[in-house]
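These are my notebook entries from a first reading of one structure.

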Amino acid sequence: MARISDTVAAELEKRILEGSLKPGKRLPSERDLAAELGVSRPSVRAAIQQLAARGFLVTRHGEGTFVTDRLQAHFADPWQEMLQGQPLLQRDLLEFRQMLEGQAAALAADRATDADLERLDAAYQAMEAAYAGKDMVACIDTDVAFHQVIAEAAHNVLIGHLSASLMRVIHGHISHNLEHLQARPQRWGQLQDQHRAIWQAIHDRDPEAAGRSARSHIGFVRESMAETAQEEERRNAARRRLGETGG
């Protein structure tokens, strides 16, 4: 027969997997968790110690117990390093993102609960507000959050965590690409239209349209990032020529 602390540990682990307990989030107090789960505080304490020993939680003296990024860090770190040294890897990552986000959007259209749709609406509205302003940091953060809410609404724990990890890997490239697009009003408007199409298809419970819209969106991102790289190379070539004539 399983110990009560093992049952509590399994419940907390499930919440970490499903994303309701995210990396960096502070756990409720032992007293509150014990009351919520209907167990004793020693059982909660033992469960926390068990998950801390496995690297899922960390307790900071005087601050509380927090969820670690163990499920994401070991995936993201080596890929971020390789991406810097292997530019062609960016193409493969975007190709993978296109498959992942297309499937996530299709599943979200089929599986999203009312609570998921409320989160999606809030994320979409925050992104729209950011896009209407000039704060690029807000644009990046809300864009990433919008796509992550969709991944979590797919109700597949691997999709949710792979999406979060992938966003960490390519965050710098997302930033560079959004800056490129913001300087081009027509392209910036296209990006907003694509986000709206994904949002609407999920609300319409249309998996096919949602998947198609998400894949089309990432295809647009791939094209714009290639365009950005070409423009950067032209500027570098022009600077090199200027250096030759100026020497």
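**Entry 1**

Helices here are DSSP runs of H or I with at least four residues, strands are runs of E with at least two, and both are numbered from the N terminus. This is a predicted model, in which local features need pLDDT of at least 70 and side-chain atom pairs count only at pLDDT 80 or more, while totals for chains, interfaces and linings use all residues. Residues are numbered from 1 along each chain as its sequence is written, and side-chain values use heavy atoms, with hydrogens and water left out.

I noted His155 as partly exposed because its relative accessibility is 45%; the term covers what lies between buried (under 20% relative accessible area) and exposed (over 50%), with a 1.4 Å probe and protein chains only.

I then turned to Arg205, which has a positive phi of about 60° although it is not a glycine. Arg205 sits in the loop between helix H9 (185-203) and H10, and with a relative accessible area of 36% it is partly exposed.

**Entry 2: the overall layout**

How many helices and strands are there in the protein? I counted ten helices and two strands, and reading along the sequence gave me the pattern α-α-α-β-β-α-α-α-α-α-α-α. The C-alpha atoms fill a box of roughly 75 × 50 × 30 Å, taken along the principal axes.

Of the 247 residues, 42% are buried. I also checked the contacts (heavy atoms within 4.5 Å): among those between residues at least 6 apart in sequence, 72% join residues at least 24 apart.

**Entry 3: surface and charge**

The protein exposes about 13500 Å², of which carbon and sulfur atoms supply 53%; the areas come from the Shrake-Rupley method with a 1.4 Å probe, and for residues only the protein chains shown count as cover.

I found a nonpolar surface patch of about 320 Å² made by Leu17, Leu71, Val157 and Leu158. Patches are built from residues with over 30% relative accessible area and no salt bridge, with nonpolar side chains (Val, Leu, Ile, Met, Phe, Trp, Tyr) joined within 5 Å and like charges within 9 Å. Leu17 belongs to helix H1 (residues 4-18) and is partly exposed, at 32% relative accessibility.

For the charges I recorded 30 positive and 35 negative side chains, and the centres of the two sets lie 3 Å apart. Lys and Arg count as positive and Asp and Glu as negative, whereas His and the chain ends are not counted; each charge is placed at NZ of Lys, CZ of Arg, CG of Asp or CD of Glu.

**Entry 4: salt bridges**

A search of the whole structure gave me eleven salt bridges, each a side-chain nitrogen of Lys or Arg within 4 Å of a carboxyl oxygen of Asp or Glu.

Where do the partners Arg168 and Asp69 lie? Their closest N and O atoms are 3.2 Å apart; Arg168 is in helix H8 and Asp69 in the loop between strand E2 (64-67) and helix H4 (70-85), so the pair ties together parts that are 99 residues apart in sequence. Arg168 is partly exposed at 28%, and Asp69 is partly exposed at 30%.

Glu101 and Arg97 form a salt bridge at 2.5 Å, N to O, and they are four residues apart in helix H5 (residues 89-111), about one helical turn. Glu101 is buried at 9% relative accessibility, and Arg97 is buried at 4%.

Glu208 and Arg212 pair at 3.8 Å, N to O, being four residues apart in helix H10 (residues 207-246). Glu208 is exposed at 61%, while Arg212 is partly exposed at 46%.

I noted lastly that Glu11, Lys14, Arg15 and Glu36 are linked in a network of salt bridges.

Is Asn177 buried or exposed? Asn177, in helix H8 (residues 157-182), counts as buried because its relative accessibility is 4%. Leaving out residues up to four places away in sequence, I found Asn177 touching Val221, Ser224, Met225 and Thr228.
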